[in-house]
Amino acid sequence: MPNPSTEAQALFAGRYNIDPAVMSGILSVALSRGGDFAELFFEHRTNGTITWEDQRVKSASRHVAQGVGIRVVKGDAIGYAYTESLDLAAMRRAAETASRISGDPERPRPIDATPSGSVGAYYEAGDPLTARPPAEKVALLERADLAARAYHPSITRVDASVSDELKIILVARSDGKVIGDIQPLIRVNVSALSERDGSRRLARTGGGGRLGMEYFEAVTPEETARDAARQALLQHDAVEAPAGTLPVVLAAGDSGILLHEAIGHGLEADFNRKGTSNYSGRIGELVASPLVTVVDDGTIPNSRGSINIDDEGNETGRTVLIENGILRGYLQDQMSAGHFGVRPTGSGRRETFKDYIMPRMTNTLMLAGQESPEDIIRGVDRGIYCISFSGGQVNISNGDFVFSVTEAYMIENGRLTAPIRDVNLIGNGPDVLSKVSRVGSDYRLSDGRWTCGKDGQSVPVGVGLPTVLISGITVGGTSVG
Amino acid sequence: MAEANPGAARNLDLARHVVQLARRAGAEQCDVFLSAFTESSVTVRLGEVEKLIEAGSRSLGLRVISGGRTAISSTSDLSEASLEALAKDTVELARISEADEFAGLPEPDLISRATAQGLQLYDERIETMTTEEKIRSARACEAAALAFDPRITNSDGGMFVTRSGEVALANSLGFAGSYPGTSAYIAVEVMADDEGGKKRNAAWYSVERALHRLADPAEVGRIAARRALDQVGARKVGTKQVPVVLEPRMTMRLMGDLAGCVSGSALYRGATFLAGKAGQAIGSPLVTIVDDPSLPGRPGSRPWDGEGVTSSPRPLVTAGRFEGFLFDVYTARRTGNRTTGSASRGVGSGPAPGTSNLVFEVGTADPAAIVADVADGLYLTEMIGFGFNPTTGDFSRGAAGFWIENGRLAFPVTEVNISGTMEGMLGGIDAAGADLTWLGGSAAPTIRIREMTVSGL
């Protein structure tokens with residue numbers, strides 16, 4: 001099996017003449033004014049989408065982008081420049097621009113960029129969707145459309161799309177390390193509109209991951225489409241959501257968005273280095289119920305959030321963030337790891353070569369507990385049961401976070417009853433995590449549909465959770481009393 | 001980056017050239033959208049320079065429509081070989097699509113002859129501003145925030161960002177236009193310490209096309225600091241139905257949600273609660289909202305839209321009556337309307353209807369009086385989350401602000417949720433202030449909504 005790092009190096013060498021000597025030369029320029037560390041991030045990205053509407057292909061798109069981002073670090077300061085042109089003169093100019101973060105007199109520094117060993121193989125790009133004939137992708141969309149319409153006569157409209165991306169990255173650093181990766185990513189989206197008695201209800205579903213056509217063997221377009229149709233239909237019968245503080249049962253899978261917002265962002269080390277997170281300085285303290293163990297794991301095979309290496313060329317891994325309620329560590333990129341005197345956790349990510357590195361999540365999960373999910377629901381007198389979500393947001397500094405629920409039901413006397421309308425849940429990270437009072441044995445990873453935004457940069461992530469009971473969280477419905 | 005800002009003629013010629021390449025490759029109709037810019041960003045934290053970013057970018061997107069079949073592509077590799085391949089591949093890609101009778105360029109009589117003259121979209125001062133000047137401004141902004149009160153103990157940094165560039169659009173009907181644009185952005189976020197190790201943070205910013213319009217850096221800093229201090233001691237409240245007063249920035253957020261519902265794209269997809277409501281009352285008589293791309297100097301202003309159709313002011317709501325949707329060419333034809341010149345466009349995407357500058361018409365009430373009339377209610381200064389469903393109009397968001405008791409801001413509130421429906425909220429607006437405030441491409445006054453559900457304890 002050819003290694004993605006070797007393949008990425010061969011691609012940049014073959015297509016753009018970017019070999020170790022060229023990389024060494026540019027790194028030399030980047031450090032010529034006395035920076036502590038420099039890094040080149042080369043990227044070649046191809047992506048395409050086929051859009052389906054009105055039972056036919058509406059449009060097809062294909063985009064190609066390439067370039068290099070050059071970072072120079074001096075103490076706590078960063079100089080950054082990028083160029084879309086990969087010719088030597090343009091790259092040297094960008095390196096020169098980035099070098100100015102350090103004000104020392106100009107003095108060339110020899111660098112010896114040396115290709116290093118292989119990377120992990122948590123996904124392969126052997127047969128990317130990008131290379132498949134369009135007809136195969138169109139057939140998937142057609143199948144989705146038929147399945148959603150067949151689900152119920154009230155489904156009057158189905159929109160669907162399939163997207164694929166192939167990202168080839170190469171990192172060259174002033175410590176000599178040169179390493180690359182090839183990252184495939186696919187995504188399917190289906191939305192279904194149900195019309196009944198003059199009212200319209202729309203639901204969206206989707207999934208994907210770092211793999212090719214084989215995704216659709218595991219999750220068929222029919223399943224995805226039927227789920228959208230089912231959720232749209234369900235909303236016609238949805239009742240007003242309750243308002244106030246109630247027990248909430250989160251179903252396994254998608255509910256992992258809770259962790260992402262309630263604790264994940266707050267444990268990104270940049271916030272903690274600056275002391276701007278409400279988890280700053282709290283390592284070793286109890287920050288959640290003892291039932292809670294949270295890990296960020298970039299090594300889950302084919303998951304949307306997985307990476308063989310991070311965008312600084314560090315090995316990805318499995319980082320324990322909270323163990324039995326105790327805060328164990330932060331998500332570290334190179335710079336914050338230096339500050340805290342720890343090893344980087346392989347969490348340095350960026351959206352494209354135009355963007356600077358930040359510590360980010362990969363797949364953020366809560367480990368399974370002991371209880372049966374049915375028992376957890378049975379134990380609730382009046383509360384809500386949440387299955388699907390459309391998004392979340394957190395205020396890092398005070399820990400307040402929200403997530404928006406799109407499929408949820410009332411729990412009355414231990415049984416699921418009426419579906420409820422779209423509703424927001426709001427809580428405070430440490431407070432909500434201390435209220436995790438039961439944890440199910442049914443851990444599940446969400447299908448690959450989550451994208452995390454931070455400082456305007458989007459990266460694909462995964463989330464996962466077992467069924468969990470939170471003894472009280474504020475439900476933002478309209479029905480009072 | 002050292003590369004000079006590509007000249008006007010060069011960009012427009014390149015766009016025209018790619019139109020020719022696509023025509024030669026067999027495209028029946030096509031248009032090319034090009035964006036070239038340089039950006040420069042400075043971040044200062046606790047007085048020290050933390051980040052300097054400088055770069056330039058130039059890329060273009062090609063849309064091909066042949067026999068009603070559409071394909072869209074983009075590249076930043078502008079070499080002749082790459083552009084020829086792009087033209088050929090895009091024409092080929094269009095064959096995957098199926099014929100759509102509504103797809104196509106604007107009717108020739110809709111093609112704009114407008115220029116950017118008088119719109120004040122470009123300020124050469126932004127191009128000549130040095131890195132040192134930007135550092136000074138970012139520092140002054142952060143320093144003013146830190147000096148505002150000893151309880152301000154930390155900062156996420158002050159930031160100054162400039163961008164200068166040009167967009168060019170050419171199509172196979174002969175339209176070719178370009179205009180330069182600039183922007184300057186200053187922002188800061190600071191934190192105050194609260195009990196129990198909690199931090200109360202707030203950010204403030206100013207964004208303008210011209211440097212002289214940008215808010216004073218120190219004033220931006222002081223506003224951020226005051227807003228952080230305002231939240232010290234914030235607590236949850238009980239669950240009840242009460243009046244909610246929205247400060248101008250929150251009125252803008254509400255308008256932003258409504259903007260997603262007035263798009264012709266949402267209309268033909270059935271994904272807006274406004275479908276079938278054109279001409280009907282959807283709000284109180286105090287609600288008048290205009291989308292106005294013609295305002296000089298505003299971030300959302302433009303001479304023509306992403307398809308080369310003249311942009312002009314569009315009333316969205318007049319005294320509570322919904323006037324109609326915003327359309328690009330496709331969504332207009334699709335729904336039996338005319339384009340409103342509202343096509344938004346990016347290099348990597350086709351046209352889609354979008355807003356330009358949104359203005360909520362100023363009211364007459366004294367903002368203090370709007371609060372003074374409330375016996376028990378919420379004064380809203382912050383919302384978080386995405387809890388709005390445009391199809392149904394259901395609204396549910398995390399909220400923070402102050403509790404109003406007997407007409408006075410009594411104590412800060414956090415971790416509550418407000419909910420209702422868009423129609424209920426617009427219909428329930430019973431006061432609009434005389435304090436029209438601009439922030440970026442939006443303007444709005446303080447408003448009051450008669451009743452919403454506040455969820456808390």
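The following legends describe close-up views of a predicted two-chain model, chain A and chain B.

The model is predicted, and local features need pLDDT of at least 70, side-chain atom pairs count only at pLDDT 80 or more, and totals for chains, interfaces and linings use all residues. Residues are numbered from 1 along each chain as its sequence is written, chains are lettered from A and ligands numbered from 1 in the order in which they are written, and side-chain values use heavy atoms, with hydrogens and water left out.

**View 1. The two domains of chain A.** Chain A is divided into domain 1 (4–120 + 128–236) and domain 2 (243–476); such bounds come from an automatic or database domain assignment. Their C-alpha centres lie 23 Å apart. In contact (heavy atoms within 4.5 Å) are 45 residues of domain 1 of chain A and 33 residues of domain 2 of chain A. Together these domains bury about 3100 Å², with 48% of it on carbon and sulfur atoms. Buried area is the accessible area (1.4 Å probe) that two parts lose on being put together, summed over both.

View 2. A:Arg71 and A:Glu312 meet through their side chains in a salt bridge (2.6 Å, N to O). Across the interface of domain 1 and domain 2 of chain A there are also 21 residue pairs in polar contact (both at pLDDT 80 or more). A polar contact is a pair of N or O atoms within 3.5 Å; within protein, one must be able to donate a hydrogen and the other to accept it, and residues adjacent in sequence count only if both atoms are side-chain atoms. On the side of domain 1 of chain A that touches domain 2 of chain A, the largest share, seven residues, comes from S6(A). Helices (H or I, at least four residues) and strands (E, at least two) are DSSP runs, numbered from the N terminus.

**View 3. The interface of chain A and chain B.** Chain B contributes 74 residues to the contact and chain A contributes 68 residues. The two chains bury about 5800 Å² between them, 48% of it on carbon and sulfur atoms. Seven salt bridges are found across the interface of chain B and chain A. The side chains of A:Glu53 and B:Arg269 form a salt bridge (3.1 Å, N to O). Between chain B and chain A, 46 residue pairs are in polar contact (both at pLDDT 80 or more).

View 4. S2(A) runs parallel to strand S3 (residues 69–75) of chain B, and six bridges join them. Two strands pair if DSSP finds at least two bridges between them. The bridge partner of A:His63 in S3(B) is B:Ser74.

**View 5. The two domains of chain B.** Chain B is assigned domain 1 (8–228) and domain 2 (234–457), with C-alpha centres 24 Å apart. Here 44 residues of domain 1 of chain B are in contact with 38 residues of domain 2 of chain B. These domains bury about 3300 Å² between them, 56% of it on carbon and sulfur atoms. Six salt bridges are found across the interface of domain 1 and domain 2 of chain B. The side chains of B:Glu307 and B:Arg63 meet in a salt bridge (3.4 Å, N to O).

Technical notes:
Salt bridge = Lys/Arg side-chain N within 4 Å of Asp/Glu carboxyl O.
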